[in-house]
Amino acid sequence: MAKDFGVVVLGGYGNFGQVIVQRLAATTDMPVWIAGRDLARAEALAEQSDGQALRLDMNAPDLAERLRATGAHLLISTAGPFQGQDYRVARAAMAAGMHYADLADARAFVCGIGELDAAAKAAGVLVCGGASSVPALAGAVVDALLPRFSRLDLIWHGISSSEKTPGVSTVAAVLNYCGKPFRQWRGGAWRTVYGWQDLARHDFPAPLGPRWVANCDIPDLELFPQRYPGVREVRFSAGVGLLPTQFGTWALSWLVRAGLLRDAVPLAGFLQRRAVALEGFGDGCSGMFVRLEGVGTDGRPLRLCWELLAENNDGPNIPCMAAVALARKLAAGTLEARGAMPCLGLLSREDYLAELEGLAITSALREY
């Protein structure tokens, strides 16, 4: 029963954590702990959401004992940035006998989480990295459309956010690869590309319209060539609706690539504040696209584009809903997977979209 399935949300009073807590409170009867180092902020949100506040430090040596004392069944970590993190939180969850999921978008972190597989299976729990728009939703969309192809040649997906600025940790995660080299699967081989470069335009339907996007380093770039054998190109691009922010970050990437700036991450706080100051000029719209190209089952060329459009600044809800869907399925006993893995194949497209009901978010598929 869901009312007996407790969930601890680490970083529960942060931007993404609040969304998860509020969604669980509104649509389930699961007990929810809002956890983090700032007890006052946790208590404030607990009052609003009928949850429980929990002072929790992810670096504390007694983390597993503190988690076990809650009696909860699932730990959801939103405590990024995940670039450079180790798996101490996941290990503590396993030691406490809890399932674990996170919203990580760090390539090495998500792709390497399989090193915990044996320990997770021995504990009888699911350890899931990347329970977010990427790779969870993107992979679910590709899985749903794959039967229409006899040969899949290209996967190009991307996200264009609204002016709503995320927290400093999320901004730091993006800046971590700004202007830095990383591998991308192109032409059936690994090629070097640079973060926030290779500007391209995706033409969303109204009300979004055309948006500029650029290279971003995410787990999908490593996972999709393995998951979809034969695909010759896997790209991911991201951007923001406000052009000064979009092109300002692009310009910053050239400073890093040229060696004039060693790293953009120290600028995260400053740039986050500047982006917040520009929010009044935005339109509240964000979108996601998944483009697939190849040969259809009829032997003819096939190009499909699935798009998700969000208005009224509902876009920031999207990355959070994989974790909510996982909690719901685990509580209902309908998700039997155990072990450690990226969040691929655990949720269907329909599972994910069901969590977005009631928001100003729509999706559609078209040929192009």
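Predicted model: local features only at pLDDT ≥ 70, side-chain atom pairs only at ≥ 80, totals over all residues.
Figure 1. Look to either flank of E6 and you find a partner. E5 and E6 pair in the parallel sense through two bridges, with Tyr100 bridged to Val127 in E6. E6 and E15 also run parallel, this time joined by four bridges, and here Leu126 sits opposite Gly339 of E15.

**Figure 2. The whole open sheet, strand by strand.** Zoom out from E6 and you get seven strands in an open sheet, ordered E3-E2-E1-E4-E5-E6-E15 with parallel pairing. Which strands sit at the edges? Strand E3 (52–55) and strand E15 (339–342) do, each pairing on one side only. From one strand to the next, the twist averages 20 degrees. As a reminder, strands of a sheet pair through backbone hydrogen bonds, either parallel or antiparallel. Within this sheet, strand E4 (residues 74–77) and strand E5 (residues 99–102) run parallel and are held by four bridges; Ser77 faces Asp102 of E5.

**Figure 3. Two helices lying on the sheet.** Helix H3 (residues 63–70) packs on the sheet and touches strand E1 (7–10), strand E2 (32–36), E3 and E4. The direction of H3 makes about 165 degrees with that of E3. Helix H12 (residues 321–332) packs on the sheet too, touching E1, E4, E5 and strand E6 (126–129). For H12, the angle with the direction of E4 is about 175 degrees.

**Figure 4. Where H1 meets H12.** Here's a closer look at one helix pair. The axes of helix H1 (residues 15–27) and H12 come within 9 Å, crossing at roughly 40 degrees. H1 and H12 are therefore oblique to each other, and the crossing of H1 past H12 is right-handed.

**Figure 5. Where H3 meets H4.** Now for another helix pair. H3 and helix H4 (residues 88–95) pack at about 45 degrees, with 8 Å between their axes. That angle makes H3 oblique to H4, and H3 passes H4 in a right-handed crossing. Leu63, Ala64, Leu67 and Arg68 of H3 make the contact, along with Arg88, Val89, Ala92, Ala93 and Ala95 of H4.

Figure 6. For a sense of scale, Trp33 and Ala123 are 90 residues apart in sequence and 22 Å apart in space, C-alpha to C-alpha.

**Figure 7. Arg107 and its link to Asp217.** Arg107 lies in helix H5 (residues 107–111). With a relative accessibility of 12%, Arg107 counts as buried. What does its side chain pair up with? A polar contact of 2.7 Å joins it to the side chain of Asp217. Setting aside residues up to four places away in sequence, Arg107 touches Phe182, Arg183, Trp190, Asp217, Ile218, Pro219, Leu221 and Glu222. Two of those names, Leu221 and Glu222, turn up again in the next view.

**Figure 8. Helix H9, mostly tucked away.** Six of the eight residues of helix H9 (residues 220–227) are buried, so the helix is largely enclosed by the rest of the structure. Which ones are they? The buried residues of H9 are Asp220, Leu221, Glu222, Leu223, Phe224 and Pro225.

**Figure 9. Glu307 and its His202 partner.** Glu307 sits in strand E14 (residues 301–310) and, at 3% relative accessibility, counts as buried. Its side chain makes a polar contact of 2.8 Å with the side chain of His202. Leaving out residues up to four places away in sequence, Glu307 also touches several others, among them Asp203, Phe204, Pro205, Met288 and Phe289. Thr362, Ser363, Ala364 and Arg366 are touched by Glu307 as well.

Note on methods
Residues numbered from 1 in each chain as written. Heavy atoms only, no water. Buried < 20%, exposed > 50% of the residue type's maximum accessible area, 1.4 Å probe, protein only. Polar contact = N/O pair within 3.5 Å; in protein donor to acceptor, adjacent residues only side chain to side chain. Contact = heavy atoms within 4.5 Å. Pairing = 2+ DSSP bridges. Axes fitted to C-alpha atoms, helices over the stretch in contact; angles between N-to-C directions. Parallel < 35°, antiparallel > 145°, perpendicular 65-115°, else oblique. Left-handed = near helix turned anticlockwise from the far one by under 90°.
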